[in-house]
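Please look through the sequence and the 3D structure shown here before reading the notes below. They are meant to be read slowly, with the picture in view.

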Amino acid sequence: MTSSALALSGVLAANGEGFHAPTVEEFYPAPIASFSLLGLDFEITRITIIMWIATAAILALLVSAVRRPTIVPGRLQWLAESGYSVVRDGIARDVIGPKGLPFAPFLASLFFFILANNAMSIIPLAQISPNSKFAIPLVLALVCWVLYNWIGIREQGVGRYFKDAAIPPGVPAAALILVTPIELLQVFIIRPFTLAVRLFANMFAGHMLLAVFALGTSYLLFVGNFSVIFAPFSFLMALAMTFFELLVIVLQAYVFTVLMATYLSGAVEPAH
Amino acid sequence: MNILAAESHNPLIPPISEIIVGAITFGILLLVLVKFVFPQMEKTFVARREAIEGGIERAETMQADAKAALEQYRAQLAEARTEAAQIRDAARADGQQIIEELRAQAQEESARIVARGEEQLASSRQQVLNELRGQIGTLAVELAGRVVGESLADDARRSGTVDRFLDDLDGMSAATAGDAR
C-alpha cells in the first residue's frame, strides 16, 4: 500500500464510479507459459516476450550494421557507430579518461540494452517497458556493482580499495565516525540500489501516466454523458506524455550509463 | 477495485526467476556486443582513421613532389640563364680578342710592308748613288780633260782630283742644305 501507484489508483477510483484506473497489476500480466526449474517458478509473460523482442531487435540492428563495414558508412552503419561513439567518446573517455576506453563496449551494451527496452514503453502493441519490472534494472545494477568493485580491487588492490571507500582522504579523524558508515553504505548498497530504482521508477511511473490518460480518454469517450467533451484533453495529455516519455527513455539510458562510468572512474583512479 | 489483488504484488520485490531471465537476456546481448559488434566498430574506426590519414599523407607527398619538381624546374631555368649569359660573355670576349688579334696582325703586316719598302728604297738609292758617283767621275774627268786639254791619265792624280772635286761637290751641297735650312 506504500506504493505511489496504489495511492494514485485509489484517488482515481474515488473520483469516477465506473473508471478502472490502472493498478500495479498492469505489470503482472497473465503468464503465457510457466515452468518450474530447480525449485523456481518461471513465468514467461507478455513483458518477458517484449524484453526478448527488444533485445533481439537491438542485437539484429547492431549486428547487421557492422556485418559489412565500410570506410564511408551507410545509413545504418552510421547510426550504429554514432550511438557507440556517443558512449565511447562522450561517456567512457570523457568521464573515466584514457583508461575508460576498455570499458566502452560494456557501457555501450548497457546503454543500448536500456535504450531498446525503455523504447518499448511507447512502441505500439508493446507499450510497456521491461525496465518497469524491478527485476531488469536490478540485474543491470548488480552486474554494474560486481564490475566496478572488481575493477576497483584489481586496479587498487583489496586493502587500498576498501580503505579508500571507508576512509575518504582529507576527512578529519573525528568525522570518520559518521563518514565511514555513510561511505561504506553508499558505495556498496546505495549506489546499486539507486541505480536500479531510478531506472525502474521512471519507467514504472511513465507507464502509469500513459495508461491513466489512455484509459481516461477511452473512458470519457464512452461514458455516455457530457464528460465526453473532456476526452480530447485526456488524449492530448496522453500525446504530450508520450513525447515526455521519449525524453525519459533516452535520458534514463544515458543517466544510467554515465553513473556507471562515474563509479568505474572512481574504481580505476584512487580517490583524490 | 483491485486493491486486494495488488497487495499480493510488491513491485520492489521481484521473483528470483525474473532476475535470472533478465540476467540471461542481458548476458547474451553483452556477449554478442562486446565480443563481436563493438570490436568490429573499433576496427572500422581504425581503418577509417588510417584511410583519412593515408589520404592526407598521400596528398602531402604529392604536394611535396610537385614542389620539388617546381624547384628543380626553377633551378634548371636559372642554370640555363646563367649558361646563356656565360656563353654570351664568352662570345663577346672571343670577338674582342679576334678583333685585337686581327688589328695587331694588320699593323704588323703594314709595318713589315713599310719596312721593306724603305729598305728597297734605300738600296735602290744607294745603287743609284753609286752609279751616279761612277758616271759623274768619268763625265767630270772627261769634261775636265777636254777643258784643260791635258790628259790626266795618271790614275793617282786623277783619282785624287776627282775625289777632291766630289768632296767639294758634297761640301757645296751640304752648305746649300745648311743655307736652305
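This is a predicted model: local features need pLDDT of at least 70, side-chain atom pairs count only at pLDDT 80 or more; totals for chains, interfaces and linings use all residues.

**Confidence in chain B**
- The average pLDDT of chain B is 84, and 86% of the residues in this chain score at least 70.
- Within chain B, confidence is highest in helix α2 (residues 16-148), with a mean of 90, whereas it is lowest in helix α1 (residues 3-7), where the mean is 45.
- For residues 1-6 of chain B the pLDDT falls below 50, and this stretch has eight contacts in the model beyond near neighbours in sequence.

**Make-up of chain B**
- Chain B contains three helices and zero strands, so its elements read α-α-α when followed from the N terminus.
- Of the 181 residues in chain B, 7% are buried.

**Contact between the chains**
- Chain A contributes 40 residues to the contact, while chain B contributes 31 residues.
- On the side of chain A that touches chain B, two or more residues come from each of α1 (4-15), β2 (40-44), α2 (46-67), α3 (75-96), α4 (104-119) and α5 (135-156) of chain A.
- The largest share of that side, eight residues, is given by α2(A).

Terms used
Residues are numbered from 1 along each chain as its sequence is written. Chains are lettered from A and ligands numbered from 1 in the order in which they are written. Two residues are in contact if their C-beta atoms, placed from the backbone, lie within 7 Å. Helices (H or I, at least four residues) and strands (E, at least two) are DSSP runs, numbered from the N terminus. pLDDT is the predictor's confidence in each residue, from 0 to 100. A residue is buried if 20 or more other C-beta atoms lie within 10 Å of its own, exposed if 12 or fewer, and partly exposed in between; C-beta atoms are placed from the backbone.
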